[in-house]
Each structure stands twice: as structure tokens, then as C-alpha cells.
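This briefing covers the ligand site and the aromatic contacts of one structure.

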Amino acid sequence: MDARKCLTTMLLAVMVFGSIAIAAAEPVVIRFSHIVSENTPKGQMALKFKALVEEQLKDKFVVEVYPNSQMFDDNQIFEALLLDDVQMGAPSMSKFSVYTKKLQLFDLPFLFEDMAAVDRFQSSAAGQELLTSFTDRGLIGLGYLHNGLKQLSATKKLVTPNDAQNLKFRIMSSDVLEAQFRAVGAESVKKPFSQVFNLLSTGVLDGQENTWSNIFSKKFYEVQPYITESNHGVLDYMVVTSVNFWEGLTSEEQSALKSVLDQAIAHGNELAGKKAMEDRQKVINSKKTEIVKLSKAQRNAWVTAMKPVWQQFEGQIGQDLINKAFSTN
Ligand code: SIN
């Protein structure tokens, strides 16, 4: 065989085997597990992420979304990520305390005046640094996602902090939230989100705190005769993956995925504000619960009762971080 023929044969072989190799490269499956309904900011963000990946990156990735605690409940997601049973989730930041104490910041009662302040803090350098502050524990944050401000619901009308005395509230697994309810003389129990409706409807617990979107989508308003519009804290999420999964991707794959994720988060964040208003109105229209509005003085009494909690946790969170977050108001 002359040299030209030999080169042509080699080129053909490279083309054939190369295309077989490309055809054989299966897209990477990203299982996204979460615990809320699809009709929520997180549910919609996850579906948007899936749709955008299908549109823009379908040769590289496939996203499977598992909502409503179908796959993993509350805190189980962290272990599942570390074991590569799922590749992405967006737990509430109240649930990260085993991995980092810093995110307890977001649970401090009355820290942020509104979601615009939350947004400013999350986009600041200090907020962005938090995303990678627990990589030594095998997890990495890829972005923040909003749900919104929390309201208090109970079997009793809560107007003054004293009204909460001796009531039992369901909380997410956060020591700050435990201290917050202790500050008003109430008890609290850390329970998974999937159990809240039953615990309230059977009278095992008296109350809970949550956003309008979670109160509406999980029907808590049907089993809680009063909802105090307290806006006393924030319930937001961090989209997380494992360091192992993330570092197994090329830098091109990481930036392509991150860009799609940012678009999905922007969609979820835009929706979060709208949904809070819409779901609040749906709860009001249902007439199944009474919405308790607080005057400025009444709300200030809750601030006075709960704010000492900040001091209890400043050692774990860092005074500087608290100041930075507060200054975004
Ligand atoms: C969530 O929004 O992911 C659940 C919040 C909760 O556990 O109350």
C-alpha cells in the first residue's frame, strides 16, 4: 500500500471509530430531588431547568425531576448527594446545619426587611462566598433560589408573642428556629415537611411557620384556623450538588450547566414573588382560615421578643456576616 492510500485508510478509521465513540457517549443523568409540589417556585425552577437542558444541552445531560419527597425526604438529600444517588437538590437553607453553621444566618428572625434585601445579600461578595464555604464537606452550592417570607399559622389567633406561649410548632431542622420559638415561650419539634399536614390535622402539633406558596400548595390553611401575616423570616434555598459530581465534569460542561441553571433560577425567582401574592390571595379566598394582620406596634413586639436570638448564634454565624446581611436592608 502506498503512503497516500495508507493515510486515507488511517483517516477513515479515525473518522469511523471517532464517530462510534461520540455516538456511544451517553448523556450524564442529573437526578434532581425535592420535597415540594410542582406548583411552587422550586417545583417550577426544577422543571424549567429540565426543559432548558433538553433544549440546549441534550447531547450532554438528561435531567430527571423527583418532586414531593418522592425520592428523598428533607435532610436525606444531603447523604443522597454524597452517595451520588441524586446529583442535585435545593434544600431550604434551614436544613444545612450539619454541613455548615454559616447558613443559619438566613433563619435569624427579622433579619431581612423584604425579599429585595435577601436578593442583594445573596448577590453580594459575602453571599456568593457562602456557596463554596462547605466544599470540605463534599457539597457545593451552585446558586440561591427564593421561596419567600414566612408566616405563622396556628390553632389560635397569634397577635402578641404571648399568644404563642405553650403552643407546639413544627420547625425545619434548625437550632435557630428552635430558639426563635423558645424566645416566645413556645415549644418546637423538628419534623420533615412531608409530615406537616398530618401533624397539624391530627392536632399533634398546634402550628407551623411557612411561606404562602408552601401553605397553599400543601393545604396547611385547611387545617390551621389562623395565619398571622408576620413576614418574620425568610425561607430560601441553595441549589447544591456534590463536589465529586461537579469536579467530574469538564470546565466547559460546568459553565454550560451553570448558565442553564442560572436561567432556571432567574425564572424561579421571578415566579416566587408572583406566587407569594397569588397563593396568599387564594388562601384568603378559600375562607378556610382567618388572616391576622399585625399593626406596626404589634409586629414590633414580636421583633423585640425574637431578636435576642441573633446574639445566641453570632458566635456560630459570625458577627461580621450578620452585619453585612443586615446592611442590605
Ligand atoms: C421546602 O420549601 O423545601 C420545605 C420547607 C419546609 O420544610 O417547611
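The notes below go from the basis of the model to the ligand and then to the rings.

The model is predicted, with local features needing pLDDT of at least 70, side-chain atom pairs counting only at pLDDT 80 or more, and totals for chains, interfaces and linings using all residues. Residues are numbered from 1 along each chain as its sequence is written, and side-chain values use heavy atoms, without hydrogens and water.

**Ligand site**
- I35, V36, K42, D74, K95, R170, M172, F193, N210, N214, L235 and Y237 surround the ligand (a heavy atom within 4 Å).
- This shell has six nonpolar, two polar and four charged residues.
- Polar contacts are pairs of N or O atoms within 3.5 Å.
- An oxygen atom of the ligand lies 2.7 Å from a polar side-chain atom of K42.
- For N210, a polar side-chain atom is 2.9 Å from a ligand oxygen atom.
- A side-chain N or O atom of Y237 is 2.5 Å from an oxygen atom of the ligand.
- The protein buries 100% of the 260 Å² that the ligand exposes when taken alone (Shrake-Rupley method, 1.4 Å probe).

**Aromatic rings**
- The whole structure holds twelve aromatic pairs (ring centres within 6.5 Å).
- One aromatic cluster is formed by F78, F96, Y99 and F134.
- K307 lies over the face of W310, 4.5 Å from the ring centre (NZ of Lys within 6 Å of the centre and within 35 degrees of the ring normal).

Conventions:
Phe/Tyr/Trp six-rings, centres within 6.5 Å; stacked < 30°, edge-to-face > 60°. Polar contact = N/O pair within 3.5 Å; in protein donor to acceptor, adjacent residues only side chain to side chain. Nonpolar A, V, L, I, M, F, W, Y, C, P; charged D, E, K, R; others polar.
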